[in-house]
Structure formats: C-alpha cells, structure tokens
Amino acid sequence: MANYFSDHPELEFHLHHPLMKRIVELKERNFADKAQFDDAPVDYDDAIENYKRFLDITGDVAANIIEPNSESVDLEGPHLENGRMIYASKTFENLDATRKAGLWGVSMPRRYGGLNMPITPYSMASEIVSTADAGFQNIWSLQDCIETLYEFGSEEQRQKYIPRVCAGETMSMDLTEPDAGSDLQRVMLKATYDEKEQCWRLNGVKRFITNGDSDIHLVLARSEEGTRDGRGLSMFIYDKRNGGVNVRHIEHKLGIHGSPTCELTYKNAKAELCGSTRLGLIKYVMALMNGARLGIAAQSTGLSQAAYNEALAYAKERRQFDTAIIDFPAVYDMLSRMKAKLDAGRSILYQTARYVDIYKALDDIARERKLTPEERQEQKKYARLADAFTPLAKGMNSEYANQNAYDAIQIHGGSGFIMEYKSQRLYRDARIFSIYEGTTQLQVVAAIRYITNGTMLGIIKEMAEAEVADSLKPLKARIEKLIPIYEDALNYVKELGNQAAHDFLARRLYDMTAELVMSLLILDDANRAPELFAKSANVYVRMTEEDVIGKSAYIKAFQADDLTNFVAREQEA
C-alpha cells in the first residue's frame, strides 16, 4: 500500500536536523509528561519515533483514503442548505478517518487532549495531507487556529475549546470582509458588549472565509466605536453551538473545491473576547497569519510533490517516436527543475518551522516561569529568524507549486488539458496559494525590511561559511561567487534613495535572497544526505545562478527615471 510519508524519505530526513534536539528538549520539558501520560516520550529518540509513527499514520490515511476521495470531492463540492454549509459526502469520510486516526490537536499540550507535537512534524503532516488533497488540507489544517487561542485566551477558554478541537471539531478564522481583504484595518464587523447577558455580540458580514461554517471561529471585529483603523479591532471566539451566524453564500471557485469558502452574516451572535481589546489586528492576527502562512507553505509543498509524482509517472509511461518521453532532454530538464524546486522549497519550509518551534516553545515556557537571560536571547534570535523566513517560505513555495503544476500539465501534453487527468485539478488548486493568507506581493513587503537592512545578507554569509564535502565544494564555490553580485545589487537599490524604485525592484531582491538562502539550505541537505539531495542541489544552484545574475543585471541597469517613464507610458495606454 502507498504511504505518503514512508514513500518520500526526504520527509524523515528533516526530522533529524540538529536543531530537533533543542526543539524536543523545549517541547517536552525534560520529558515531564512521561509520569502522567502513557503516550508521552521518555527521551529524544522516543520522541522522534513518536513523530514518525504519527506521520506514518498520516501518510497511510492520506494515500489510501483522502487521495482516493479527492476526485469525488472536487466534482461534488460543498453545498448550502437552509443557511448551513454541507460538505461533500467524501469530505465527511475524510474527517471521520482523521478523527479515528487521532490526527487532531497535533500541537496542543497533552493536558488538553493534544499530541504535544512541535510545528515541524505538524507541518510535515500538513504537507502529506495536501499531497493527497489540498482542499481537504485547508479544512484539517485550520485546527492550527487553536494555537492563537492557546497563546492569548484565558485558561477557562483553553479548557473549554482546546479539547473539542483535539477531538476533531473544526475551526475557521473570520477576518476578511467585502471591503476589507488584504487591508484588514478596514474591518467593520461590529462588536458590542451586552451588559445584561455579560457577553459580546457580533453584527455584520464576513466574506471569503475558508471553512466558514466551522464549529469554532476566531473573529476579527471592531470593538471600539468611532474608530476606523487597526487600533479599534479585537479578536473574538464564536461557538457555532450558540447560533447567530448563517452562511449566505458559498463561493464557486476555480480550485480547492472541497474547501468551502463562505460569506457569513452575523446577527447579534454571542461571542467571547480573546485576550485584550484593541490588540486583535496589531498582535493576535499577526500571530494567526504567520501560522497560516507556514501552513500554506506546507500545502504548497504537498501539491508540488503531487504534481511531480504525476509528471514523473506519465513521463515514464508515455512513449513518442518509440521512446519514453522521460528520455527527451526537454522533458527531463523540466522534471529535474520540478524536483529541485520541491526539495529546496521543502528545505526552507522545515528550516522556518524549526525556527518557529524554538521561539514558540520558549514563549510557552515564559508563561510558566521567568526565562533565563540566555533563554531570552535564544527566544529573540529565533523569533526574528522565523519572522524573516516565513514570508520567504510562503511566497516561494506557493509560486513553485504553481510552476510545478503548470509543468505537470505540459509534460502530459494534450492529456493534461483533459479533465479526467489529475494534473488539471492540481493546476486549479495551486492557483490560490500565492493569493490567500497574503499574496506573494505582500510576502515581499513582509520580507523586504530584513533584506534592505542587511539581516538576510548576514544570514547568507554566515550560512556560506559551513563546510561541505569535497564533492560539493565546486557547487559551493558557485554560490559564493553569487553573493557579492547580490550584495552589489542590493547596495545599488539602497543608494537610489527612491522609495518608488525600491518598491518596484523589491520583488527581484526578494527572489534573489530566497534563492541564495535555499541554495545554501539544499547544499547543506546534500552534504548530510547526498543520495537524496545531491542532484537537486546541482540543479537548483544553477537555476539560482541564472536568476541572480539576470536580476542583478536588470537592477544595475535600472535608473530612477525609468520608473517615471514606465508609469507615464502605462497611464497613456
């Protein structure tokens, strides 16, 4: 039987990164749970084996239940009945299977019924589910919203809601509105305090809400009357059991059909404040979105894997001119690039997840006791790294998923354009990844300050100091030659002293930065496991050379007047 974990040894490789020892140490608190919970690990090796067992179960469910159901779910999709969203019939089977397999509450502490797993294996599970069906991954992975409630809710709220999610109840984050998409400061859903009932009431409309008829919602609403910016917004918990919210419309989308995208009407809906007022957007949504962006990076990687699987299998079977098409240079070039993007994207995904794991675990410890000065420094370091890497992981992997899905169709030729083939669904599903939870353009905005202030350059130079095997030294030398080219282009943009020019060139700087980081990460992977990654490292570094040199040439030839002339031409047109 197929298994989407054990069939791809690249995943297990990332469980053995050197940082995992520190992650397990922090997450398990010296393995204190072993005295109270039978399933708690007793040491580091036992913890890693626990993660492998969990991922093996996930891989089995994904390959043998979720994937076989994916076509039916895509064709049926959810529908609306009397103000309620009804999942596709096979989605209910998927939910039942994941609940029976114990795949909920993955990152939550055991005292609430969770599995107490780090974000890294959780992200792997998210990737695996997405390989089977990216639409179902949306529904399943939104359990991660509980992280925000765990971090900022009261202990009473934790005890009330977290065990329900661990048992398999679904979640959503209700942020966007008809007039507030990327610009969440414009959110106007009204929250008023009901003195008589001693609760908050929500009124208004939310739009484009993924899994919008979920059991438990985190809702961004305007609690401060008379305000019109982010300082008037708070976060609320809405429990579907209390009523007051109806689904007005389910969007008919290009892809991810199994994932219902809803328009919701709130009519005097009872809700609880999560955390403090006025911090909804400024603090809580930022934490929520960073988690969601890492989730989309995992979703994108999973679909990239599926696209590569489909393309590779077809290229081996399809014959033209009495030759399997995988033997044609044009085809194996495409396949090698697909695999390189997949491996490099996976590398930055799990590096980011490890950074998140360390600072989140230290945050959690800080709720129980005062951190030592060394721990505070560690927390600050990894929080900064996570903040810098998350927009790179989300943006690049979502773009790579689109590119790999495109190439999968191209390798299929005319068959790829036929609806009976899986590649067309992967292509439709992938298109949203670079849009929701912050477009790629917004990932550039989030990342650019770490690029222009030299943080990423410093990280790249530090990474380039790592030793590699003799066989990889020529590849490392190629990367080292690119770093001064990148630095020169970066300094050129900064010296322009023109904000509009900075914004115009930011995407090119972002791409160059991410590709250099991923080249160094995949080189390190190849150094530790050449049998898995040496080929991808070889291809990816050459792709990076092509891109960094080309983008640098574009930047160095750019003049501030070029932008003025370009805008004028567009306005005339």
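Where is the place of His-252? Select it: His-252 is in the loop between β8 (245-250) and β9. Keep in mind that this is a predicted model.

**Stop 1: the loop**

Stay on His-252. Its relative accessibility is 78%, so it counts as exposed, the cut-off being over 50%. His-252 and Tyr-400 stand 148 residues apart in sequence. In space, C-alpha to C-alpha, they are 25 Å apart.

**Stop 2: aromatic pairs**

Searching the whole structure turns up 15 aromatic pairs. Show Tyr-238 and Tyr-266, one of these pairs. Their geometry is edge-to-face. Centre to centre, the distance is 5.8 Å, and there is 70° between the planes. This pair links distant parts of the chain, 28 residues apart. Tyr-238 is in strand β7 (residues 233-239), and Tyr-266 is in strand β9 (residues 261-274). Tyr-238 has a relative accessible area of 2%, so it is buried; the cut-off is under 20%. Tyr-266 is also buried, with a relative accessible area of 2%.

Next, select Tyr-406 and Tyr-427. Their ring centres are 6.3 Å apart and the planes meet at 55°, so this pair is tilted. Tyr-427 counts as partly exposed at 38% relative accessibility.

**Stop 3: a ring cluster**

Which residues do ring pairs link to Tyr-193 in a cluster? Select Trp-200 and Phe-236 along with Tyr-193. Ring pairs join these residues into a cluster.

**Stop 4: charges over rings**

Go to Arg-158 and Tyr-150. The charged end of Arg-158 sits over the Tyr-150 ring, 5.4 Å from its centre. Then move to Arg-508 and Tyr-554. Here the charged end of Arg-508 sits over the ring of Tyr-554, at 3.9 Å from the ring centre.

**Stop 5: a covered helix**

Finish at helix α5, residues 119-132. How many of its residues are buried? The count is 14 of 14, and α5 is mostly covered. Draw a distance from the first C-alpha of α5 to the last: the helix reaches 20 Å. That is close to the 20 Å expected for its 14 residues at 1.5 Å a residue.

Note on methods:
Residues are numbered from 1 along each chain as its sequence is written. This is a predicted model: local features need pLDDT of at least 70, side-chain atom pairs count only at pLDDT 80 or more; totals for chains, interfaces and linings use all residues. Side-chain values use heavy atoms; hydrogens and water are left out. Rings of Phe, Tyr and Trp (its six-membered ring) pair if their centres lie within 6.5 Å; planes under 30 degrees apart count as stacked, over 60 as edge-to-face and the rest as tilted. Helices (H or I, at least four residues) and strands (E, at least two) are DSSP runs, numbered from the N terminus. Buried means under 20% relative accessible area, exposed over 50%, partly exposed in between (1.4 Å probe, protein chains only). A charge sits over a ring if NZ of Lys or CZ of Arg is within 6 Å of the ring centre and within 35 degrees of the ring normal. The expected span of a helix is 1.5 Å times one less than its number of residues.
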